[in-house]
Amino acid sequence: MITLTPKNKMAALLCGIAFLNLSLFALGGETKEADGTTKQNRIEIKDFAFNPQTLTVKSGEKVTWINRDDEPHTVVSVEKQFKKSTALDTDQEFTIMAGAPGTYTYFCSVHPKMTGTIVVVKS
Ligand SMILES: [Cu+2]
């Protein structure tokens with residue numbers, strides 16, 4: 001049996017606070033740049049194409065697509081590595097969080113010739 005002295009109690013409390021901070025950070029899932037801004041991983045859908053066509057991000061970062069066409073488009077992972085989007089109307093956005101490192105290829109289910117790739121690297 002361990003008896004908590006006041007000193008030990010303080011250590012346990014600090015430990016708990018540190019753990020909580022880590023948890024909150026993990027939940028945030030956004031990478032802060034050196035200047036304090038949140039990194040934006042954006043892919044524009046324009047003229048029936050994903051721009052940029054290949055994007056490299058770190059695991060845990062968010063990726064947002066925005067449809068700049070007048071046509072609806074979708075974002076669907078070929079290997080179901082992320083949840084597919086609904087049909088995106090003009091200026092509508094879709095965001096995922098990059099999971100495990102790997103190559104995520106995706107396409108638009110309305111126009112299957114529209115394809116793109118996200119390369120997820122270790123954070
Ligand atoms: Cu499309």
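Tryptophan 65 is buried, with a relative accessible area of 0%; buried denotes under 20% relative accessible area, exposed over 50% and partly exposed in between, with a 1.4 Å probe and protein chains only. The model is predicted, so that local features need pLDDT of at least 70 and side-chain atom pairs count only at pLDDT 80 or more, while totals for chains, interfaces and linings use all residues. Residues are numbered from 1 along each chain as its sequence is written, and side-chain values use heavy atoms, with hydrogens and water left out.

The chain contains one helix and eight strands, in the order α-β-β-β-β-β-β-β-β from the N terminus. These elements are DSSP runs numbered from the N terminus, helices being H or I of at least four residues and strands E of at least two. Of the 123 residues in the chain, 28% are buried. Among contacts with a separation of 6 or more, 51% involve residues 24 or more positions apart, a contact being heavy atoms within 4.5 Å. The chain exposes about 8300 Å², of which carbon and sulfur atoms supply 60%; this area comes from the Shrake-Rupley method with a 1.4 Å probe, and for residues only the protein chains shown count as cover.

The structure holds five aromatic pairs. In one of them, tryptophan 65 and phenylalanine 82 are tilted, at 5.7 Å centre to centre and 35° between the planes. This pair links distant parts of the chain, since tryptophan 65 lies in strand S4 and phenylalanine 82, 17 residues apart from it, in the loop between S5 and strand S6 (93-97). Rings of Phe, Tyr and Trp (its six-membered ring) pair if their centres lie within 6.5 Å; planes under 30 degrees apart are stacked, those over 60 edge-to-face and the rest tilted. Phenylalanine 82 also counts as buried, at 11% relative accessibility.

Attention now turns to a histidine. Histidine 73 occupies the loop between strand S4 (62-67) and strand S5 (76-77) and is buried, with a relative accessible area of 0%. Beyond its neighbours within four places in sequence, histidine 73 contacts Ile45, Phe48, Asn67, Thr86, Ala87, Leu88, Cys108, His111 and Met114. Its side chain makes a polar contact of 2.9 Å with that of aspartate 69 and another of 3.1 Å with that of histidine 111. A polar contact is a pair of N or O atoms within 3.5 Å; within protein, one must be able to donate a hydrogen and the other to accept it, and residues adjacent in sequence count only if both atoms are side-chain atoms.
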